[in-house]
Protein chains: 2
Amino acid sequence: MDKSENRNTPINEFGKFRLIEHITRKENPVNQSTVTGIGDDAAIIDSGHSMSLVSTDLLLEGIHFNLIYTPLKHLGYKAVIRAISDIYAMNGDPEQLLVSLGISSRFSVEQVEEIYEGIYLACEKYSVDLVGGDTTSSLTGLTIGVTAVGRAEKENIVRRDGARPNDLICVTGDFGAAFMGLQLLERERKLFVKEKVAQPDLSGYEYIIGRQLKPEIPVSILRELREAGIKPSSMIDVTDGLASDLLHVCKLSGTGCRIFYSKVPIDYETSKLAEEFNVDPMTPALNGGEDYEMLFTVPLELIEKVSNLKSVKIIGHMTSEGTSSSIVGDDGSEVDITSMGWK
Amino acid sequence: MDKSENRNTPINEFGKFRLIEHITRKENPVNQSTVTGIGDDAAIIDSGHSMSLVSTDLLLEGIHFNLIYTPLKHLGYKAVIRAISDIYAMNGDPEQLLVSLGISSRFSVEQVEEIYEGIYLACEKYSVDLVGGDTTSSLTGLTIGVTAVGRAEKENIVRRDGARPNDLICVTGDFGAAFMGLQLLERERKLFVKEKVAQPDLSGYEYIIGRQLKPEIPVSILRELREAGIKPSSMIDVTDGLASDLLHVCKLSGTGCRIFYSKVPIDYETSKLAEEFNVDPMTPALNGGEDYEMLFTVPLELIEKVSNLKSVKIIGHMTSEGTSSSIVGDDGSEVDITSMGWK
């Protein structure tokens, strides 16, 4: 970028991924232990006989969470999930966690305790040790910085850039539920504020609310994969949205992709609420985000092994570079994924 | 804490360190690789033949920096210094860095570039590889999350809790300069706003301004210590203020301390500006913070070796548990350090 020409490029015009790419320098690392740089779920650091994986996340009030409908305990839980999900997405196991909190004076000690209750709960569930952290004052909103440290044998690490044409595109769980859960919470909040409705009506939508407030990582499925001897050629955790994360893998792997409309797993509650909102359920499924499911590719020759795993769904396949990334409708029509409302 | 009794304990009443202590659970770690938990400069993780050190920091606009007098490049530089300083304070060497930025839409791409210029500059100077990070939107101020990963041989690691009575208290550099630099910038800013002074007058105070805007870590002195075969019994980097950080080491080591008023190194510019402000120069020196100098203790028998190092100053000694932590004036009078205006 020529600085003299334009000193004020708005970030929105640039886009997040392009910005990261723009500021990332492709220099050779100085330290022998540095294996990979910016670009994957977690950084890989050579620590002797195994690899350390380190990932860090920043959660900001009003962007990543809204305290109006996020109980503090759930917020703490979710912050841990977000950080360790990156380690699992490299096919590693998280072991340590560091948490930094920026809290304004409007918070009480008991509220900070609640956040930590959620943090410790997630740490226990996923066998992670909280080893560091700090609290600091904040003049603005609540800020949470989470760093996860994990471990993997070198040969087991799965990156985002390893997919090849014809690889099967597989997913765990279902998509769009967390996003629709948030839409429901938002709708009920508005009713509460505007029409003084005393109690939000969330009945019949317990699953999608749970997916929004207390997401879990499909660890047992990752274990099944290992036990079945299936090593994915690429993997990413779906946090930005299935479409965005799939396109990210395509870009890094140098492939196109083709997924099938009828194969994308969507829960009944997600579909039902999407209909209430007059939205095609595929829109939250592709673009919603915060699913914390795994998206991975496996070589075509493993199709039988993968098909045997009930908890894994094959939703499509990778295509060669230069081909488009499309979604195939039930009638055989193909639509570009990027034009499906994804930005 | 009995929650039913009091659900709203203000955080200010509690204090930062008590809060961290309060929320920290003293459970046995789940993972073998977890060596220490919360409490030191960095977490220690056993990674086979050497130890990984991980530290994380959160920098919030309005709390840790003010964009009015912090150029963005300096801010990026300082964020790196803050994070890697924790690794050096464990007697380790930083090797990798992860940075997360929370930026509001008022920022331009060029401004983000400036922050990263500073980050890369510090990375180069201290031989650290930038291996990860993310940018995210922020509704409020600029937020920077920095995680540093370092390495040390097990036997070389120096913790905060290893000081023993009679150990010599040593420091690098001088104290209070960064704080007085900030006071000067703040004064000139007010003049600029209120009295429309066109250009701030910082002449004669270049050193303390530099200490505020572009701090450095005394790496060469740490190297000298290693070469002289001096392994400190405890060490901490002085970021919260000499008094606070010394008392922290005392508390964790179970000692008292005695330092000498005339021995605390204070630069001429710091003293001169303190006088202009009608403040005892010892106040910023003890309580200012952001010095990024090292405070460490060595066993008394190493007094000759330490005295030979010109860049290390001995400012006092540790005392046995139960004794007070005091500063001794030139006339022999002893004052409790905590009563010196430190909060």
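Helices, as I use the word here, are DSSP runs of H or I with at least four residues, numbered from the N terminus. I keep in mind throughout that the model I am reading is predicted.

**Entry 1: helix 8 of chain B**

I began at B:Leu252, which I found in helix 8 of chain B. I then looked along the chain to B:Ile208, 44 residues apart from B:Leu252, and noted a separation of 31 Å between the two C-alpha atoms.

I listed as buried in helix 8 of chain B the residues B:Leu242, B:Ala243, B:Ser244, B:Asp245, B:Leu246, B:Val249, B:Cys250 and B:Ser253. What covers these buried residues? I found that the cover includes strand 7 (234-238), strand 8 (256-260), helix 10 (282-287), strand 9 (293-298) and strand 11 (325-328) of chain B. After the helix comes B:Gly254, for which I noted a positive phi, near 70 degrees.

B:Asn278 has a phi near 60 degrees, a positive value in a residue other than glycine, and I located B:Asn278 in the loop between helix 9 (268-276) and helix 10 of chain B. B:Tyr292 also is a residue other than glycine with a positive phi, here near 55 degrees, and I located B:Tyr292 in the loop between helix 10 and strand 9 of chain B.

Is B:Asn278 buried or exposed? I counted 6 C-beta neighbours inside 10 Å, and B:Asn278 therefore goes down as exposed. For B:Tyr292 I counted 23 C-beta neighbours inside 10 Å, and therefore wrote this residue down as buried.

**Entry 2: B:Glu188**

I placed B:Glu188 in helix 5 of chain B, residues 177-194, and recorded this residue as partly exposed because 18 other C-beta atoms lie within 10 Å. Leaving out residues up to four places away in sequence, I found that B:Glu188 touches B:Pro200, B:Asp201 and B:Leu202. The C-alpha atoms of B:Glu188 and B:Pro200 are separated by 5.4 Å, although the two residues are 12 residues apart along the chain.

**Entry 3: chain A as a whole**

I counted 11 helices and 12 strands in chain A, and noted that buried residues make up 52% of its 343 residues. Of the contacts in chain A with a separation of 6 or more, 82% are between residues 24 or more positions apart.

I took chain A as two domains, with domain 1 at 11-156 and domain 2 at 168-339, and I noted that their C-alpha centres lie 22 Å apart. Between them, 15 residues of domain 1 of chain A are in contact with 15 residues of domain 2 of chain A. On the domain 1 side I sorted the touching residues into seven nonpolar, five polar and three charged.

**Entry 4: the two chains together**

How many residues of chain A are in contact with chain B? I counted 72 residues of chain A, in contact with 72 residues of chain B. Among the elements that give two or more residues to the chain A side are helix 2 (16-23), strand 2 (51-60), strand 3 (93-103), helix 4 (109-125) and strand 4 (129-137) of chain A. Strand 4 of chain A supplies the largest share of that side, nine residues. By type, I sorted the chain A side into 27 nonpolar, 34 polar and 11 charged residues.

I then laid chain A on chain B, which took a turn of 180 degrees and a shift of 0.0 Å along the axis and left an RMSD of 0.0 Å. I therefore describe the two copies as related as by a two-fold rotation axis. The same surface serves both copies, since 100% of the contact residues of chain A recur in chain B.

**Entry 5: nonpolar cores**

The largest nonpolar core has 167 residues, and those with the most contacts inside it are A:Val80, A:Ile84, A:Leu97, B:Val80, B:Ile84, B:Leu97 and B:Ile119. I followed up B:Leu97 and, leaving out residues up to four places away in sequence, found that the residues it touches include B:Val80, B:Ala83, B:Cys123, B:Val128, B:Val146 and B:Ala148. I also noted a second, separate core of 13 residues, which includes A:Phe179, A:Leu182, A:Tyr205 and A:Leu273.

Notes: Residues are numbered from 1 along each chain as its sequence is written. Chains are lettered from A and ligands numbered from 1 in the order in which they are written. This is a predicted model: local features need pLDDT of at least 70, side-chain atom pairs count only at pLDDT 80 or more; totals for chains, interfaces and linings use all residues. Domain bounds come from an automatic or database domain assignment. Two residues are in contact if their C-beta atoms, placed from the backbone, lie within 7 Å. Ala, Val, Leu, Ile, Met, Phe, Trp, Tyr, Cys and Pro count as nonpolar, Asp, Glu, Lys and Arg as charged, and the others, Gly among them, as polar. A residue is buried if 20 or more other C-beta atoms lie within 10 Å of its own, exposed if 12 or fewer, and partly exposed in between; C-beta atoms are placed from the backbone. Copies are superposed by least squares on the C-alpha atoms of residues with pLDDT of at least 70 in both. A nonpolar core is a set of buried Ala, Val, Leu, Ile, Met, Phe, Trp, Tyr and Cys residues joined through C-beta atoms within 7 Å.
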